[in-house]
Every structure is written in structure tokens, then in C-alpha cells.
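Please read each answer alongside the structure shown here.

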Amino acid sequence: MPTSRVLGGVAMAAAVFGLTVPTGSASASDFSDAWVAPYYAVPGMRLTVMTTACGRDANYSKGQSEAGGQVNLLPLGGGGLLAGSFRVPKHTRPGWYTVTLRCPPRIQVKASFRVVRGFAHGFSGLDCDDFGPVGRRSAKR
């Protein structure tokens, strides 16, 4: 897929999700400088990773996802926003996963996302039968 189409999709995701670009310096404990969109995913879905942690003049960043492997981030517009995408492997089990991003010289930030079972089972990853008429977990199995 051409880079322009990928970055165009990333720009659209940023616009749809209403992401803003925060200012300030990044630290390993500052999770606000990196995002994964969408926040919930199903196996086989493509996710977008964005960061401003590398600074206004940054032209690349590399990341490693626990679930999706390596991701390369490139500039998206101005203001130091870098973006890239990866696909969650089809065999990925439901749970929380982290993407670790690194920028030269020694900047590292993390973002998390959650993999759920799939849309066929409800977006929460629970079967529709798991809840009774008032929203509590049903006793029947």
C-alpha cells in the first residue's frame, strides 16, 4: 500500500478521533505523548500509533508492539506528529497490550490498547448472553 494512502488514513483517524497535539517534554512515565487508535481492537484489525514525544523536528520513530511486532512512524503534517500503523495478528488473544516507541537520542514512550474477541461476540468481548435484562452478569451458562 502506498505511503500516501497509509498516512492519509492516519490523518483521517486523527481527525475522526479529535486528537490534539500536546506540548511539553516526554518522559518514560508520560503516557499522554502517544496514542493507539482505535483503543479497542479485534484480531486482524489495523491500528494506528501516533506520538508527539520525539519533538517538532523529528522525522521518524520506531516502535515495538507486544501484539503486532515492529511499527515505523513517519511525520504526519506539522507540529512533530509522527504516525504509523500495524495489524493485530489473527491469533492474538484478548487482553491489554503495549506499544513501546523510541525516538533518538533516548526518548521512550508507551501506549496501550485492548484486544477483544470480536464484533460477533459484542465489542466488549463478552457474549450477549452474559448479561441479564438489567445489565448484571447472568447466572445462566
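Q: How many helices and strands are in the protein chain?
A: In this account helices (H or I, at least four residues) and strands (E, at least two) are DSSP runs, numbered from the N terminus. From the N terminus on, the elements follow the order α-β-β-β-β-β-β-β-β. The protein chain therefore holds one helix and eight strands.

Q: What kind of model is this, and how are its residues numbered and its side chains treated?
A: Residues are numbered from 1 along each chain as its sequence is written, and side-chain values use heavy atoms, with hydrogens and water left out. Local features need pLDDT of at least 70, side-chain atom pairs count only at pLDDT 80 or more, and totals for chains, interfaces and linings use all residues, since this is a predicted model.

Q: In which order do the strands stand in the open sheet?
A: Two strands pair if DSSP finds at least two bridges between them. The open sheet has eight strands with mixed pairing. At its edges stand β1 and β2, each with a single partner strand, so one side of each is left without a neighbour in the sheet. The order is β1-β3-β6-β5-β4-β7-β8-β2.

Q: Which residue of β6 stands opposite T48?
A: β3 pairs with β1 in the antiparallel sense over four bridges, and A37 stands opposite T48 in β3. β3 also pairs with strand β6 (residues 82-87) in the antiparallel sense, over six bridges. The residue of β6 that stands opposite T48 is S85.

Q: How many of the six residues of strand β3 are buried?
A: A residue is buried under 20% relative accessible area, exposed over 50% and partly exposed in between (1.4 Å probe, protein chains only). In the protein chain, buried residues make up 37% of the 141 residues. Strand β3 (residues 46-51) is mostly covered, and its buried residues number five.

Q: Why is the pair of Y39 and Y40 edge-to-face, and what is the angle between their planes?
A: Rings of Phe, Tyr and Trp (its six-membered ring) pair if their centres lie within 6.5 Å; planes under 30 degrees apart count as stacked, over 60 as edge-to-face and the rest as tilted. The whole structure has four aromatic pairs. The ring centres of Y39 and Y40 are 5.2 Å apart, and the pair is edge-to-face because the planes stand at 90°.

Q: Is Y97 buried or exposed?
A: The rings of Y97 and F113 have centres 6.0 Å apart and planes at 25°, so the pair is stacked. Y97 lies in strand β7 (residues 95-103) and F113 in strand β8 (residues 107-115), so the pair ties together parts that are 16 residues apart in sequence. Like F113, Y97 is buried.

Q: What is the relative accessible area of Y39?
A: Y39 lies in the loop between β1 (34-37) and β2 (40-41), and Y39, Y40 and W96 form one aromatic cluster. Y40 is partly exposed, with a relative accessible area of 31%. Y39 is also partly exposed, and its relative accessible area is 42%.
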